[in-house]
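Let's walk through this protein together, from a single contact out to the whole fold and back again. Have the model open beside you as you read.

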Amino acid sequence: MEENFQGEEFAGVIKFTPPLYKQRYQFVKDLVEKYKPKKVADLGCADCRLLWMLKFCSCIEVLAGLDISASVMKAKMHTLSPLPFDYLQPSERSLTVTLHHGSVAHKDPCMLGFDLVTCIELIEHLEESELQKFPEVVFGFMAPSIVVISTPNSEFNPLLPGVVLHRHPDHKFEWNQEQFQSWALEAARCYDYSVEFTGVGHPPKGMENVGFCTQIGVFVRKHPQTGGSVQYEKPTEAVYKTVFKAVYPSLKDEKYLRNAVVSEVLFIAQNIKHHLMPKPEEYDDDPERESEFQPSVNCFSDYLEKLVVDKAMEPFVSGNEVYIPLATIFSFPKVNQLCGTFEKLCKLIAGKVPLSSDGSAVVFNTEHENE
């Protein structure tokens, strides 16, 4: 009960470990790992920290953020851009991250089709008119499978030093447990959702009735959304402004897949060639130089002995040329996994890898290699 709370209640000192915002984000991440949504939107994304954490979840293919403050998003949106490593090692999944500037009180078709929508510490920042429109926008219009809403629990405020009315000067209200649950249950009833209540930030021992510091409602849609059940007219024009978009390199994109396959084919072929070629004379008396190649050569030697059961798959040397059959290379697990079929392997490396005249083998000319 107290694993994330440290405090001296009589001294008015409250400290959460990990910090409360990290606990909220971890709650969302755990939910993502449980339900495996492909498309996730964070409303009120602010500095994009939650989106940054979620981009590492392998099930997610589309991430979107929405906030009323474009400047706050722009200050941190660079953290959502692909890194050089993402281009060197493209992921098997596709990932697109988009940030929109706009209000949660407005409907925009770019927010349709999401599996999970998160509203972390958002509703308490809304004006009364915005809060009245919020349920229709999120539950009625967007209608995702799951909605997560977190908000401060005002009953916890007396335990927090320095809090007189609200925890943040921009908060328009802060609800106690009964108020939040009453609002959430009504929204769930109106839009055919179920809702469960929980939270993060445990109260001190003996004060359990105060509830969590942050209260959370997890809404799950009872029935799948169908075209016939939609009772509103979806807008055809966008009202949000897109301020950022990043498309991550992915092996689902043939350009990146081709690069990965060509790299792997050449790597395997070069190692097999080293296994077949006689050791250059100048290295005969250099045990250190020999040891550089030994682990990789031994590895490929052992694998080739197990692999080559068909004469047609056996690499060979003819004069100054080394031939490594594509059938042998295709048998290596990573190449097989990347390509799926032998025909696709041939298609992806065409024009990118030196092949024999009949296209059945990778060929290297070694005539000038040791000069």
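Over the ring of which residue does the charged end of R49 sit? The ring belongs to Y21, and the charged end of R49 is 4.4 Å from its centre. A charge sits over a ring here if NZ of Lys or CZ of Arg is within 6 Å of the ring centre and within 35 degrees of the ring normal.

A word on the ground rules. This is a predicted model, in which local features need pLDDT of at least 70 and side-chain atom pairs count only at pLDDT 80 or more, while totals for chains, interfaces and linings use all residues. Residues are numbered from 1 along each chain as its sequence is written, and side-chain values use heavy atoms, with hydrogens and water left out.

Now for the overall picture. The protein has eleven helices and 13 strands, taken as DSSP runs numbered from the N terminus (H or I of at least four residues for helices, E of at least two for strands). Of its 371 residues, 43% count as buried; buried means under 20% relative accessible area, exposed over 50%, and partly exposed in between, with a 1.4 Å probe and protein chains only. Among contacts (heavy atoms within 4.5 Å) between residues at least 6 apart in sequence, 73% join residues at least 24 apart.

Next, the interior. In soluble globular proteins, nonpolar side chains tend to be buried together. A nonpolar core is defined here as a set of buried Ala, Val, Leu, Ile, Met, Phe, Trp, Tyr and Cys residues joined through side-chain atoms within 4.5 Å. The largest such core has 39 residues, and V32, L54, I60, L99 and V148 have the most contacts inside it. Among the elements that give it two or more residues are α1 (20-35), α2 (49-54), β5 (96-101) and β7 (146-152). Helix α1 provides the largest share, six residues. To see how the parts meet, follow V32: leaving aside residues up to four places away in sequence, V32 touches P37, L54, C57, C59, I60 and L116. There is also a second, separate core of 32 residues, which includes V104, V117, F141 and A187.

Aromatic rings come next. Rings of Phe, Tyr and Trp (its six-membered ring) pair if their centres lie within 6.5 Å; planes under 30 degrees apart count as stacked, over 60 as edge-to-face, and the rest as tilted. By this rule there are 15 aromatic pairs. One of them joins F16 and F156 in a tilted arrangement, 5.9 Å centre to centre with 40° between the planes. F16 lies in strand β2 and F156 in the loop between β7 and α6 (177-191), so this pair ties together parts 140 residues apart in sequence. F16 counts as buried at 12% relative accessibility, and F156 is buried at 0%.

The pair of F180 and W183 is stacked, at 6.4 Å centre to centre and 20° between the planes. Both lie in helix α6, three residues apart, or about one turn of the helix, and both are buried. Ring pairs also link F180 and W183 into a cluster with F134, F173, W175 and F197.

Let's finish with charges. A salt bridge is a side-chain nitrogen of Lys or Arg within 4 Å of a carboxyl oxygen of Asp or Glu, and the whole structure holds nine. In helix α6, R189 and E186 are three residues apart, about one turn, and form a salt bridge whose closest N and O atoms are 2.6 Å apart. R189 is exposed at 58% relative accessible area, while E186 is partly exposed at 39%.

E254 has two such partners to look at. With R258, the closest N and O atoms are 3.3 Å apart, and the two residues are four apart in helix α7 (residues 254-276), about one helical turn. With K347, the closest N and O atoms are 4.0 Å apart. E254 lies in helix α7 and K347 in helix α11 (residues 342-349), so this bridge ties together parts 93 residues apart in sequence. Through shared partners, salt bridges join E254, R258 and K347 into one network.
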